[in-house]
Amino acid sequence: MGDFGSDGSSSMSIVMYPWLAFGHMTAFLHLSNKLAEKGHEIVFLLPKKALDQVKPLNLYPNLITFHTISIPHVKGLPPGAETNSDIPFFLTHLLAVAMNQTRPEVETILRTNKPDLVFYDSADWIPEIARPVGAKTVCYNTVSAASIALTLVPAAEREIIDGKEMSAEELAKPPLGYPSSKVVLLAREAKTLSFVWRRHEGVGSFFDGKVTAMRNCDAIAIRTCRETEGKFCDYIESQYNRPVYLTGPVLPVDEPNKTSLEPRWADWLAKFKPGSVVFCAFGSQPVVEKIDQFQELCLGLEATGLPFLVAIKPPSGVSTVEEALPEGFQERVRGRGVVYGGWVQQPMILDHPSVGCFVSHCGFGSMWESLMSDCQMVLVPQHGEQILNARLMAEEMEVAVEVEREENGWFSRRSLEDAVKSVMGEGSEVGEKVRKNHDKWRCVLSDSGFADGYISKFEQNLTDLVKS
Ligand SMILES: O=c1ccn([C@@H]2O[C@H](COP(=O)(O)OP(=O)(O)O[C@H]3OC[C@@H](O)[C@H](O)[C@H]3O)[C@@H](O)[C@H]2O)c(=O)[nH]1
Ligand SMILES: [O-]c1cc(O)cc2[o+]c(-c3ccc(O)cc3)c(O[C@@H]3O[C@H](CO)[C@@H](O)[C@H](O)[C@H]3O)cc12
């Protein structure tokens, strides 16, 4: 590589400051590992509380240094809240206020480190403090290009009248030129998008923040690939008139000395036949907020008759998953079903030979992990972005089955049972179709040169950007 680093060296010095959500921090760290593998140095900013969980993912401790940031208390947030896991979804804007208040600390770090590049996604003020120290900025998006294209481009701007909430139909309307008729939302689903344009004191709207973040950076990066989302990436590029770099899926590779699956899950899973267990996980945030939906989920899995392991946060109003379980549930499923409220090693569980089906909320990280696994996939998306990821998987790629919902947007135990049986049942036509399509995509995505090709091209893009 050329001679371009601020200190004349050929390795780049990079600071990363992701949104205070585990889905984002882990995605930024996986990318840091790829860049460290190529010899670049990374200072990774994160809240103190996240350190223990994120640290084990660091494969290059000599090149990736964690720097903890103090997240101030903001009125309205629970005491000690530092990440999205500590708060319900509707308080997210207050976490954004807290993140904004870390600006002086981050500014000092940039002045001291003088990096070549700063990566961020949410903190839209990064370009203002990075430019004076000579750093180039990359707005790295860890969500699907489709979800950005549908709501977070200049053409998706909405006129908000007197703070009035928009109707579901208005919310569902794709922006002019949006490139898909399949990856869209029904009116009732679009209600979950109302947070995008809602204004909050001190931070404006989510839309304003994201559009500012993408308008002011030197380059936009997205954790996706052309094969799955090319048309959405082109649309984003045309909307922002900024280069869009793709990193590919950036999944952690199997390291020879990686930690193994916790014995309690390894031992439990080993009791079942290959491919027979249903694993269900809903990401790092509490997503199933209503206790009744939480119970339908448990009852639906019970009704499949298959062994199952659920990793999920408790719904609103209770502090443990045990309190939310349906009456008599634990006794009925003892020996074949577990609902666990803590953190599990999801990629390793998906890799376990006994696991044959993944019931997922379709967060973008989980979507990539499930595509790379050989599990059958059932999708139970909860929010706008996850619903769009689910459409991409079920309608465009046809690799998964999305659970059917009633008019009020709820799913029933029956629809979950049906969806799982449709992919797990022997001789099921739908099951065969999605398995075949999934196999094809897994072959493409896991080809040895595929991910590496994306990362090499991405590194070249960054090199050119720093030199420019
Ligand atoms: O118990 C757990 C839960 C989650 N995880 C990991 O945490 C990550 C969760 O990320 P997901 O993107 O799937 O889901 P989250 O809901 O946490 O993320 C959220 O922010 C990032 C966006 O890309 C997601 O679409 C959004 O839902 C996955 O890599 C998953 O393997 C665990 O390893 N164990
Ligand atoms: O729900 C969403 C619907 C949609 O069309 C787009 C997004 O985009 C993002 C996003 C996040 C980060 C980026 O760099 C770009 C876009 C969404 O992010 C999620 O937002 C939640 C609310 O703020 C937050 O809690 C969660 O951690 C984010 O992953 C959501 C949508």
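Glycine 39 comes after helix α1 and has a positive phi, near 100 degrees. Helices here are DSSP runs of H or I of at least four residues, strands are E runs of at least two, and both are numbered from the N terminus. The model is predicted, so local features need pLDDT of at least 70 and side-chain atom pairs count only at pLDDT 80 or more, while totals for chains, interfaces and linings use all residues. Residues are numbered from 1 along each chain as its sequence is written, chains are lettered from A and ligands numbered from 1 in the order written, and side-chain values use heavy atoms, without hydrogens and water.

Of the 16 residues of α1, 14 are buried, where buried means under 20% relative accessible area, exposed over 50%, and partly exposed in between, with a 1.4 Å probe and protein chains only.

Most residues other than glycine have a negative phi. Lysine 114 has a phi near 45 degrees and sits in the loop that joins α4 (103–113) to β4 (117–120). With a relative accessible area of 48%, lysine 114 is partly exposed. Asparagine 241 has a positive phi of about 55 degrees, and its place is the loop between α11 (226–240) and β7 (244–246). Asparagine 241 counts as exposed, at 68% relative accessibility.

These elements belong to a protein chain with 21 helices and 13 strands. The radius of gyration of the chain is 22 Å, close to the 23 Å from the globule rule for 468 residues, so the chain is as compact as a globular protein of that length. That radius is taken over C-alpha atoms, and the rule is 2.2 Å times the number of residues to the power 0.38. Along the principal axes, the C-alpha atoms fill a box of roughly 65 × 60 × 45 Å.

Of the 468 residues, 56% count as buried. Among contacts (heavy atoms within 4.5 Å) with a separation of 6 or more, 70% are between residues 24 or more positions apart.

The accessible surface of the chain is about 19,800 Å², and carbon and sulfur atoms hold 50% of it; the areas come from the Shrake-Rupley method with a 1.4 Å probe.
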